[in-house]
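Open the model in your viewer and keep the selection tool at hand.

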Amino acid sequence: MKLGFSAEDEAFRAECAQWLQAQMAGPFADIRGIPNLCDEIPRRKEWEQQLAADRWSCIGWPKAWGGRDATLAQQVIFAEEYARAGAPNRINHIGVELAGPTILAFGSDEQKARYLPGIAAGTQIWCQGYSEPGAGSDLANVKTRAVLDNGDWVVNGQKVWTSLAHYSDMIFVVARTEEGSKGPRGLSFLLMDMDQPGIDVRPIRQMNGEAEFNETFLTDARCPADAMLGAAGEGWKVAMALLAFERGVSTLGQQMQFRNELDAVIAAARANGKAADPVLRQRIAAAEIGLRLMRYGALRMLSGTDLAAIDGAALTYKIQWATWCRDLGELAMDVLGQEGELARGEEYRWPTLPNLYLFSRSDTIYGGTNQIQRNQIAERGLGLPREPRGQA
Amino acid sequence: MEFAFTEEQAMIAETARGFFAENATSARTRQAMAAGGIDRALWRSFCTELGLAGIGVPEELGGVGLGMVEFALIAEAAGAQVAALPLLGNARAAHALVAGGTDAQKARWLPALVSGEAIATSAWSGDAVVANGKLSGTFRFAAHGGSADLLVLTAGEQCLLVEASAPGVTITPHVTMDQTRPLATITLDNAAAEPVADHGEANHALQVTGWICLAAEALGGAQATLDRTVAYSKERVQFGRQIGSFQAYKHRLADMMIEIEQARSAVYWAACAVDEGSDEAQIALHSAKAFCADTFHMCAGNMIQLHGGIGFTWEHDAHLFFKRARSISSMLGDSQWHREQIAALVLDAAA
């Protein structure tokens, strides 16, 4: 067991810190630290491409596909320095952290060659077509259908909560390819082009006023027969493996964003005198502890284990971070007081901390609600009896 | 950077778990509760057969070397059985002597502490008086103080060694809520006291070892309450179903696991940070003590609730965990105090 970094790792830190800071002080100073995922989309696409040009976009990928074969320690360091430099949230997080690793794990050589370069180059933004109006917590209840027609899969159905679909070039879709199948059986994992007449995206305005989520309607949408990861009918396995990547290295970058948010709360408390309030001091300390334990939980989860393996740290991670974020949002508003009620200008748009307060209400819902997480922890982690299914 | 146990560490953990599970049984612990809170036969075999009391003591001083991570593995395993042992007092004393004792003090006490022949306790007083090699004052809440041979006492900034048998020493054991670690009041009236060589180092080692020990015991205890409650929830049937199939029940178990996983990260982060001399060590120690104590207390309370009536009986072991959790919460700084230390580090430091 060892926490310190080697001299080689520290040299890597110096290299990436220097590059990131130069970018954020120079050509990309205008998008340094912007809080909202929907702001400055064209500039953020340029940022993705700049990351790619200097091989900083997907450092954990193999060198052959535009990565650096970075070690876990290097990925930890890069995530830390990325946040320290104030670089903006990755608009292609889903492509780099979820679609890419899943294609690397399940794709044929031909599929890798078709999809990975666009992700690595930062030119193809991806989104995730999992949830449906009738398949939320009960994700396997997917109704979207795909049938083969003249060498194409033809897809009909509706996806929902598709983050950033309105800016995306590609979508991975879980669809039912076996007529009459139910639950996780008979599903397939399709990779589809967003730019086609059969796909219609309608943004959903959220309670914070922004529209990161969308409804995505698929009406005779098409993709080639070989645009499928894994075999027909085995899409559930691929979909679940992708969720394991979601709990993987990508959490490190997310945590650094949390660090910046907690630092903003601490700065606000120091600025307005609330730092002297003994109750708020306890809550700030608890938030600090929670964040540190999230970091070490993630390192435990990632150190020397198979990413797909579900161990205790991995199984409890989602509910842990989601609840931490929601609590931090509440703490932020208690620190800000009435100041937190004021929007940043004429529009109904919010600075970082009030936005966190509102947005974090979704954290305990998307990606598996806290209630579903507890079911899974109890059933998969503790071996308790499964929830009975209804008759419908 | 590799936050996973080495093979050697995994082996120590397995050995310790097996040893305590086999030997620190409920029956033996209950016998010890009526006899000063120490299972002397268990302590003897822990020290002599396993040879694990010397963790953190260099080999040339009769110990087995190794560090806080390995010590935490032992304390975790002992905590899982609420073992009635002077682990806390002996480990704190041994680490304090290694860090700050004179050569003569190390030679006099370390072999006896490592072999289990001597039992040590530690306590603190803000108003004790040291004059001409004599110490006077009252030191409260000494764990296993009634059984101690060596008293490692902190008087203000000073750290002093006192032999329990010395003239002027009165030790009053108390009936204590946690009977596996009863507390005593030590009263000194001009008792012979020997200062250590380095007071700062010795006092620091007392604190660090104490916090790691309690945090790791709490982790082991919390995991045990979860394991035992899960097992019960699969046996007990009501309304024609295993009670573990009810969502209200299993969500509480899930909440226990969520906290325990974080507690595990906390203990080994802190232990590793101490071993590596990391500048995060201080915040890690405060985090570990506060978080693990709170986790254990929550889990032990849930263990009682989720067992129903049987969980409230003397016969069932749930109260042993609950009482140990309570004593850990209050000992060596409560969670509010540790969180306040963290608040001071993150809020009051110069910007």
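**Stop 1: chain A.** Select chain A and colour by secondary structure. This predicted model gives chain A 11 helices and eight strands. The radius of gyration of chain A is 21 Å, close to the 21 Å that the globule rule gives for 392 residues, so chain A is as compact as a globular protein of that length. Its C-alpha atoms fill a box of roughly 65 × 50 × 50 Å along the principal axes.

How much of chain A is buried? Of its 392 residues, 46% count as buried. Now think about contacts in chain A with a separation of 6 or more: residues 24 or more positions apart account for 71% of them.

**Stop 2: chain B.** Along the principal axes, the C-alpha trace of chain B spans about 75 × 50 × 40 Å.

Buried residues make up 56% of the 351 residues in chain B. Take the contacts in chain B between residues at least 6 apart in sequence: 72% of these join residues at least 24 apart.

**Stop 3: a loop in chain B.** Select Glu60(B). You are in the loop between α3 (40-50) and α4 (68-80) of chain B. Is Glu60(B) buried or exposed? Glu60(B) has 8 other C-beta atoms within 10 Å, and a residue with 12 or fewer counts as exposed, so Glu60(B) is exposed. Glu60(B) and Ala78(B) are 18 residues apart in sequence and 26 Å apart in space.

**Stop 4: two helices within chain B.** Two packed helices are described by the angle between their axes and the distance between the axes. Select α7 (residues 199-235) and α10 (residues 318-330) of chain B. Their axes come within 10 Å and cross at roughly 155 degrees. Angles over 145 degrees count as roughly antiparallel, so α7(B) and α10(B) are roughly antiparallel to each other. The crossing is left-handed.

Show side chains where the helices meet. From α7(B), pick Leu214(B), Glu217(B), Ala218(B), Gly221(B), Ala224(B) and Thr225(B). They meet Phe321(B), Arg324(B), Ala325(B) and Ile328(B) in α10(B). The residues of this contact divide into six nonpolar, two polar and two charged.

**Stop 5: where the chains touch.** Bring chain A back. The contact takes 39 residues from chain A and 39 residues from chain B. On chain A, α3 (72-84), α7 (250-272), α8 (278-302), α9 and α11 (370-381) each supply at least two residues of the side that touches chain B. Which helix gives the most? It is α8(A), with 13 residues. Colour this side of chain A by residue type: you will find 23 nonpolar, nine polar and seven charged residues.

Stop 6: Select α9 (residues 312-336) of chain A and α8 (residues 247-275) of chain B. The axes come within 9 Å and cross at roughly 110 degrees. That makes α9(A) roughly perpendicular to α8(B). Their crossing is left-handed.

Technical notes. Residues numbered from 1 in each chain as written. Chains lettered and ligands numbered in written order. Predicted model: local features only at pLDDT ≥ 70, side-chain atom pairs only at ≥ 80, totals over all residues. Axes fitted to C-alpha atoms, helices over the stretch in contact; angles between N-to-C directions. Helix = DSSP H or I, 4+ residues; strand = E, 2+ residues; numbered from the N terminus. Parallel < 35°, antiparallel > 145°, perpendicular 65-115°, else oblique. Left-handed = near helix turned anticlockwise from the far one by under 90°. Contact = placed C-beta atoms within 7 Å. Nonpolar A, V, L, I, M, F, W, Y, C, P; charged D, E, K, R; others polar. Rg over C-alpha atoms; globule rule 2.2 N^0.38 Å. Buried ≥ 20, exposed ≤ 12 C-beta atoms within 10 Å, placed from the backbone.
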